[in-house]
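I open the notebook on this entry. Below is what I looked up, item by item.

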Amino acid sequence: MTRSEQRTVSTEQRTTQGDSTPEKQVTIERSNTVAPVEGAPDGVITLKDLEVFYSDFRAVTDVNMSFGSREITALIGPSGCGKSTVLRCLNRMNDLVPGARVEGAVAYHGVDIYGEDVDVIEVRRRIGMVFQKPNPFPKSIYDNVAYGPRVTGMKVSDMDTVVERALRGAALWDEVKDKLKQNAFGLSGGQQQRLCIARAIATSPEVILMDEPCSALDPIATAKIEDLMVELASTYTIIIVTHNMQQAARVSQRTGFFTAEADEKGQRTGKLVEFDTTEHIFGNPSDARTEAYITGRFG
Amino acid sequence: MSTKTRDGGRPESGGHPVAWEGPPVDLTAQSPRIGEKIIKAVLVGAAALSVLVTVGIVASLFAPVAEFFTHVSVGEFLFGTEWTALFGDKFNWDDKSWGVLPLVTATLMITLISLVVAVPFGLGAAIYLSEYASQRVRKIFKPILEILAGVPTVVYGFLALTVITPILKPLLGIEGIYSMISPGIVMGFMIVPTVASLSEDAMSAVPLALRQGSYALGANRMQTTVRVVFPAALSGIVAAVVLGISRAIGETMIVAIAAGNMPLFTADPLKGAQTMTGFIAQAASGDTPHGSPSYYALFAIGALLFVMTLLINMISIRLVRKYRQAY
């Protein structure tokens, strides 16, 4: 996927009250862009009536969506809309939050990962995660990448090969191959984040979750990670939460837009407003709230 | 901006006027800010006090220690295996043996025993509180643990003498009422809260993001604790253990009560033996006349204790630097 592609996403003026909104154009020019998709996702992960509570607080409700394998799905929406909460349900990271409760189903290949005899370690080995802030362990670069295979007891004949393959996969090998024994904290922020991606793919997951992976990085590092994501999408299913709408438009094939609505008691609960191909969401959104958000009128 | 100074003082290269046509501006201080100067002086005094006290201790040790070593050779003191400082004529230097090794080995033996108790229990408690316990349990547990550190050491001494020794006596075959193992174990309990509380602080300070990263890779709680949290907190944990060692070496009351007053050069923990602090307590509370040999011996042992603690602190600083995993 090296062809140069220019994708122009424009929003028509569609206002309910007839007043005009300034037309906004987002022009994205990149060497590396995912191919658009048609039809429904194949549902490698499917959410059915997902509802998440933190103690008594209902954070997200009524989420029904499905993720396609080897696609990049972006979850967007204003702060507090529950998109990160939904993402963390997909590999049961919410288990770590005291008082968190998940209702409904999160089906991975048709199996509810919240089912009784599901081993959370198996889930997390297959569904990896990259966090908002790079969080390498205070260990060597090598040990960071080897950590996942070691703790999950993966049968590895040659760890060096696994580490090299993961670092190559994360487009970091050439930069670190001579200093694998050095502490990961010596790397720049962008390199650290790619190391975290290498760490995640070292366990050979099928799905990689990314929680605003570029929000702590500068634009150049961000561009590298975005290129990497597009490349990884030929092997992995990627689900990314992002605040950056251009990023969602650039890298994703499908986009889910979330928003939070307050009930009569003022409790704000997140909801999935619209889920469609990225082209559709950014070009011709069906819901007025989606359009308002992506044109920058709210959120 | 290499010329910028931290306290807002004028950089050396400053003060060059530049032509300016507009109205002048006065940038000089509008008040002398005396309050700040007073506060600074008070804080400097507070910081200087502890340094002065340390210097004072070293200075006060110097003269008597020098006097001691005019009568006893350094070699005899450090390598002799018999200590009979309180025997015979109080003012005679020559009818006594001045080998400090029996006191040193007893000190180290009891310290070692206490660490064998304190390190596993202390770290176990720290790991439980930091990684496993719920917020509620931790809130209840930690203050209780810290109360243990506030129990007067004389109470621990009697616990060793009247509870632990009678229990161990039939089990291990301790002959007299004094032993090194009993005060060692009790001292271990005394140090547990120190080790546990400081290690727990160090482990709790490890960022949650590291734990999440570990869990997200499929690690379980124990793997996360052992492979990520523990190494990241290691420098704090080493510091906690070293503080425990320092307390054990300097601890006086427990050993004076439960280890006995007989200097004995032995590696058998079931026997009683006098420690360095034990001798100081005995000689200082007995009738040791000013200027007598045992009077000077007090200072010599005090100085040795000082040097040992200093060495341990220096080694620990090295260790901490070596194993530090900054995050």
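I count two residues as in contact if their C-beta atoms, placed from the backbone, lie within 7 Å. The model is predicted, and I keep that in mind throughout.

**Entry 1: the two domains of chain B.**
I started with the domain assignment of chain B. It gives domain 1 as residues 34-71 and domain 2 as residues 101-323. I then looked up the contact between them. Six residues of domain 1 of chain B are in contact with eight residues of domain 2 of chain B. On the domain 1 side, I find four nonpolar residues, one polar and one charged. The centres of the two domains of chain B, taken over C-alpha atoms, are separated by 28 Å.

**Entry 2: the UniProt records.**
I checked the record for chain B next. UniProt, in an unreviewed entry, places "domain: ABC transmembrane type-1" at residues 104-316 of chain B. Over that stretch of chain B I read 79% helix and 0% strand. The end C-alpha atoms of residues 104-316 are 20 Å apart.
For chain A, the unreviewed UniProt entry lists "domain: ABC transporter" at residues 45-285. Here I read 33% helix and 29% strand. The end C-alpha atoms of residues 45-285 of chain A are 24 Å apart.

**Entry 3: chain A overall.**
I find 10 helices and 12 strands in chain A. Chain A has 299 residues, and buried ones make up 45% of them. I also looked at contacts in chain A with a separation of 6 or more. Of these, 70% come from residues 24 or more positions apart.

**Entry 4: where chain A meets chain B.**
How many residues does each chain bring to the contact? I get 20 from chain A and 18 from chain B. On the chain A side, α2 (120-126), β8 (127-130) and α3 each supply at least two residues. By class, the chain A side divides into 10 nonpolar, six polar and four charged residues.

**Entry 5: helix α3 of chain A.**
Is α3 of chain A largely enclosed or largely open? I find nine of its 11 residues (141-151) buried, so the helix is largely enclosed by the rest of the structure. Among the buried ones I note A:Ile141, A:Asp143, A:Asn144 and A:Tyr147. A:Gly148 and A:Pro149 are buried too.
I asked what covers these residues. The cover includes α4 (159-169), α5 (173-176) and α6 (189-201) of chain A, together with α8 (221-232) of chain B. After α3 of chain A comes A:Gly153, with a positive phi near 65°.

**Entry 6: A:Leu187.**
I placed A:Leu187 in the loop between α5 and α6 of chain A. Why do I call A:Leu187 buried? I count 21 other C-beta atoms within 10 Å of A:Leu187, and 20 or more is the cut-off for buried. Leaving out residues up to four places away in sequence, A:Leu187 touches A:Gln192 and A:Leu195. I also checked A:Leu187 against A:Glu103. They are 84 residues apart in sequence and 40 Å apart in space, C-alpha to C-alpha.

**Entry 7: the largest nonpolar core.**
I find 153 residues in the largest nonpolar core. A:Ala198, A:Ile208, A:Ile238, B:Val186 and B:Val195 touch the most other members. I followed up on B:Val186. Leaving out residues up to four places away in sequence, B:Val186 touches B:Tyr156, B:Leu159, B:Ala160, B:Ile164 and B:Ile254.

Technical notes
Residues are numbered from 1 along each chain as its sequence is written. Chains are lettered from A and ligands numbered from 1 in the order in which they are written. This is a predicted model: local features need pLDDT of at least 70, side-chain atom pairs count only at pLDDT 80 or more; totals for chains, interfaces and linings use all residues. UniProt positions are given in the numbering used here, feature names are shortened, and annotations may be inferred rather than shown by experiment. Helices (H or I, at least four residues) and strands (E, at least two) are DSSP runs, numbered from the N terminus. A residue is buried if 20 or more other C-beta atoms lie within 10 Å of its own, exposed if 12 or fewer, and partly exposed in between; C-beta atoms are placed from the backbone. Ala, Val, Leu, Ile, Met, Phe, Trp, Tyr, Cys and Pro count as nonpolar, Asp, Glu, Lys and Arg as charged, and the others, Gly among them, as polar. A nonpolar core is a set of buried Ala, Val, Leu, Ile, Met, Phe, Trp, Tyr and Cys residues joined through C-beta atoms within 7 Å. Domain bounds come from an automatic or database domain assignment.
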